[in-house]
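Visitor: Could you take me through how the helices pack here, one question at a time?

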Amino acid sequence: GWTQQEIAMRVPLDAWTSYESSLAEKPVFTKTVINVVIYLLGDWLSQTAFRGSDVLDFDAGRTLRNGFIGMCFGPLVHQYYDFSDCILPVDVGMNRVYKILMDQTVYLYVKCSIYLVAVAVLGGESFRRAAADTAGKIGGVMLTAWKFWPLVHCVTYTVIPAPHRVLWVNSVDLIWNAILATKASGDDEEKEEELEEEEGEDAGAK
């Protein structure tokens, strides 16, 4: 039989081989499944690790709704990267810059806006209310994204092979989705209000 060390070395290799095989045979399905997992984990992190809460203290319904949004986004993200490679081939040097600009403007604005509206509507709000809330939040989301994504995409379009870009972006997306889920739920605003209240109480005590 194999030793534990051999098994530990073998499992990642077998998993990667299975992933590449699935990616070659069913690229859209494979990337969509990964996207769903990332959205589920991202929302779970935003409710637990980002709040300092117990790992089981989370709204499962909210997490499942995020997973559904991830499922809807999966094929669209796949098509977007294919389209991006088609109109801006990476073998032309300046196209990498144009890709990052397109990612951080049109693509980011549209995707985040749809996400914020979808979270609100699936959570029970009317479309009109969801659209109004999104209009108020999207500016802050874009500013946060510009601190996060440009460096990531420098790696995306220079180091990562085209078939694996969605996997790379999704891996980083785990943290970004946790941030985005926090902003979509308004948890960051609640924290700011709590901090302001604490500062006011401290000032009053003095």
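**Helix packing around α6**

Guide: In this predicted model, helix α5 passes helix α6 in a right-handed crossing.

Visitor: At what angle do α5 and α6 pack, and how are they therefore oriented to each other?

Guide: Helix α5 spans residues 127–156, and its axis lies 11 Å from that of α6, with an angle of about 160° between them. Angles over 145 degrees count as roughly antiparallel, and therefore α5 and α6 are, relative to each other, roughly antiparallel.

Visitor: Which class of residue has 14 members in the contact of α5 with α6?

Guide: On the α5 side the contact includes Val 141, Phe 148, Trp 149 and Val 152, and these belong to a set that meets α6 residues, among them Trp 168, Val 172, Trp 176 and Ile 179. By class, the contact of α5 with α6 has 4 charged residues, 4 polar ones and 14 that are nonpolar.

Visitor: What is the handedness of the crossing of α2 and α6, and how many nonpolar residues does their contact have?

Guide: The crossing of α2 and α6 is right-handed. Residues of α2 including Ile 34, Ile 38 and Leu 41 make the contact together with residues of α6 including Leu 167, Leu 174 and Ala 178. Sorted by class, the contact of α2 with α6 has 3 charged residues and 6 polar ones, while the nonpolar residues number 10.

Notes. Residues numbered from 1 in each chain as written. Predicted model: local features only at pLDDT ≥ 70, side-chain atom pairs only at ≥ 80, totals over all residues. Heavy atoms only, no water. Left-handed = near helix turned anticlockwise from the far one by under 90°. Helix = DSSP H or I, 4+ residues; strand = E, 2+ residues; numbered from the N terminus. Contact = heavy atoms within 4.5 Å. Nonpolar A, V, L, I, M, F, W, Y, C, P; charged D, E, K, R; others polar. Axes fitted to C-alpha atoms, helices over the stretch in contact; angles between N-to-C directions. Parallel < 35°, antiparallel > 145°, perpendicular 65-115°, else oblique.
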